[in-house]
Amino acid sequence: MHMADALLSPAVGGTMWAVSASLLAYSSSRLKSSLDDRRVPLMGVLAAFVFAAQMINFSIPGTGSSGHLGGGLILAVLLGPHAALLAIASVLSVQALFFADGGLLALGCNIFNMGVISCFVAYPLIFKPLAGDSPNKTKLMTASVIAATLGLQIGAFSVVLETVASGISELPFSSFVLLMQPIHLAIGLVEGVVTAMLLVFLHKTRPELFGAVAPGTESRPLRPVVIGLALAALVTAGTLSWFASANPDGLEWAMGKVSGKEELAAPETGIHGALDALQKRTAFLPDYNFKQAEPAKPEAAATGAKPEQKAEAWPNVSAGTSFSGLLGGLMTLCLAGILAFVLRRRTPSKA
Amino acid sequence: MGLDTALHEIRRLDDLAALDTPLHRLDARAKVLVTLFFLVSMLSLGRYEVSRLLPFAAFPLILAVQGGVPLSLLLRRAALALPFVVFVGIFNPLIDRTVHLTLGPLSITGGMLSFLSIVLRSLLAVSTGLVLVAVTGFDQICRALGRLGMPTALLVQLQFLYRYLFVLADEALRMLHARTQRCAPDRHPCLREYRSLLGNLLLRTLDRAGRIHQAMLCRGFDGQMPELRPTTRFGPAEWRFCALWGLFLVAVRILNLPQQLGDLPLYLGGKAGGLFP
């Protein structure tokens, strides 16, 4: 369920980055203040364990398919939520950088969907109350199956929300939800069973691990975090929506003023006139309508500006413009190819 | 992806990052910042944009050529990342059937355009990320992020993970090999085998953490990993790199270069045919 860069708009990606980054900063400061440097190698090595374990598959009896450990919940149980968030974030970063699972812009979303939800929702709100202070085998089993399943459901749901809010995919909300949730119900059950198995195994072999989970860092008010989070989200959303607004403004407007003139005054290109060029310029970010089909009447009314321009949005672009776009695209490709070829000839190859 | 292929892929990128080209010698912060700017400006294009995405390919391509990254590797990796994106994007052509362009009998709908756009975005984003790792190296990226303000705890965590990833993956591979040799067929372990396999790996992991901690104390760990390479500074070369690519990206983002390029032959043709004075 790695969210991918290609399906994400910068506004959504940036907002999720802000949320995840502030939670990471908060967790780091909590760890620093707890000052237990035994946990430093433990976090690193357990993250490496999860990384390796994610690639060992087992066959699910009776189905012919295979599953593996996801690892968010078990890290939260073994390390406590703050350290676990850092560990999960590090695993996701390695995956994003080396295997292109997700992507760099989507990393914020992924840390949120898989890390924050496991560590700050599934573990403290579901697992801990169910497992209790002195867990036994049955408690561990039920707690981890329920926590992992619910955690993955929430995670999958936020993938849907992020995708729909980005507006790059056309998949409507309802069908996407119907697609994602059942798949992740299965994945969540597998995750829960595997986590439970490992915890019971550890409980048998190393019972001392379950005496004091996350020593001494449990009771501090969460209010500063919540306020910080809200502020970060507001600021990011505010800044980015400034870019995303439907009218030309800021940077875009200035650029249009400076450079736009010459092109607008070149009517011989003939195929399409000034309006179209202007219109293209106005769409700095994709408009965040969930469906393009509904004309943006409320938006135009709200901004109170240039409804006729708005109404002429993407659906009726003239064929001529698109055609020269197509032609130009091909030419660009050729140019890029030639450029790469020339550069390659110039750089001495290292064998 | 199997564990051994995953390890192999990481080592492959690590080898590339160990090359010594002018691009490799640049301060990692410059490369990280320009890459982020690339992603934001590329991904902020409208959902029907296809041709305008193409000039962006210059960034990963030129960096790959300058940094000695084989293009075949990039393409193969970028293709591996496609399935999820295609899975979500494949519905676009079915849902959005507004015709944008007719080429003879073939009519191109908005859904096709946006699907193509999603695929292109994915290829560009993935290959750029990989090029960044291949010309910078994981450790340098982490340090750059640390110098850009990432908390130390997270920096140390990333460095620890990267150091012990190979150790633990090797350990897991040895266990898997041992299993294959004892009980023959090379298929996935069943649930019971899996439990003891993973459980034992976990126990060894916990023991290893204890040993590492003692070794760290012996060597005077002060909360930070020692630097292995000399620290680079943000000099003229870095500024030049940022300025040049920054200008290029702004230009490509604001102007519709392919459109103008495509208009040119049409315009010239029109002129030759006497359509325009």
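**Figure 1. Chain B has 13 helices and two strands.** This is a predicted model, so please read every view with that in mind. Chain B holds 277 residues, of which 42% are buried. Its C-alpha atoms fill a box of roughly 85 × 50 × 30 Å along the principal axes. The radius of gyration of chain B is 25 Å, whereas a compact globule of 277 residues would come in near 19 Å. If you follow the contacts in chain B between residues at least 6 apart in sequence, 75% of them join residues at least 24 apart.

**Figure 2. Helix 12 of chain B spans residues 236–254.** Its 19 residues reach 27 Å from the first C-alpha to the last, close to the 27 Å expected at 1.5 Å a residue. Take a look at B:Trp245, B:Leu249, B:Val252 and B:Arg253, which are buried in this helix. Why do these four sit on the same side of helix 12 of chain B? They cover an arc of only 95 degrees around the axis, and that puts them on the same side. In general, an α-helix has 3.6 residues a turn, so residues three or four places apart point the same way. Turn to the other side of helix 12 of chain B and you will find exposed residues: B:Pro236, B:Trp239, B:Arg240, B:Ala243, B:Leu244 and B:Leu247. What do the buried residues of helix 12 of chain B pack against? Their partners are helix 3 (28–43), helix 4 (58–66) and helix 13 (257–272) of chain B.

**Figure 3. Chain A meets chain B through 94 residues of chain A and 100 residues of chain B.** On the chain A side, the elements giving two or more residues are helix 1 (10–34), helix 2 (39–53), strand 1 (58–59), helix 4 (81–99), helix 7 (173–205) and helix 13 (319–346) of chain A. Helix 13 of chain A gives the most to this side, with 17 residues. Sorted by class, the side of chain A that touches chain B has 62 nonpolar, 23 polar and nine charged residues.

**Figure 4. A:Leu46 and A:Ala87 touch the most other members of the largest nonpolar core.** This core has 164 residues, and its largest share, 15 residues, comes from helix 8 (residues 110–136) of chain B. Now for the surroundings of A:Leu46: setting aside residues up to four places away in sequence, A:Leu46 touches A:Leu75, A:Leu78, A:Leu79, A:Ala87 and B:Thr205. The list therefore includes a residue of chain B, B:Thr205, as well as residues of chain A.

**Figure 5. A:Ser20 lies in helix 1 of chain A.** Is A:Ser20 buried or exposed? It counts as buried because 24 C-beta neighbours fall inside 10 Å, where the cut-off for a buried residue is 20 or more. Apart from its neighbours within four places in sequence, A:Ser20 is in contact with A:Gly108, A:Ile111, A:Phe112 and A:Val116. For a sense of distance, A:Val145 is 125 residues from A:Ser20 in sequence and 25 Å from A:Ser20 in space, C-alpha to C-alpha.

**Figure 6. The secondary structure of chain A comes to 13 helices and two strands.** Chain A has 351 residues, and 46% of them count as buried. Among contacts in chain A with a separation of 6 or more, 76% are between residues 24 or more positions apart.

Note on methods. Residues are numbered from 1 along each chain as its sequence is written. Chains are lettered from A and ligands numbered from 1 in the order in which they are written. This is a predicted model: local features need pLDDT of at least 70, side-chain atom pairs count only at pLDDT 80 or more; totals for chains, interfaces and linings use all residues. The expected span of a helix is 1.5 Å times one less than its number of residues. A residue is buried if 20 or more other C-beta atoms lie within 10 Å of its own, exposed if 12 or fewer, and partly exposed in between; C-beta atoms are placed from the backbone. The arc is that of the directions from the helix axis to the C-beta atoms. Two residues are in contact if their C-beta atoms, placed from the backbone, lie within 7 Å. Ala, Val, Leu, Ile, Met, Phe, Trp, Tyr, Cys and Pro count as nonpolar, Asp, Glu, Lys and Arg as charged, and the others, Gly among them, as polar. A nonpolar core is a set of buried Ala, Val, Leu, Ile, Met, Phe, Trp, Tyr and Cys residues joined through C-beta atoms within 7 Å. The radius of gyration is taken over C-alpha atoms; the globule rule is 2.2 Å times the number of residues to the power 0.38.
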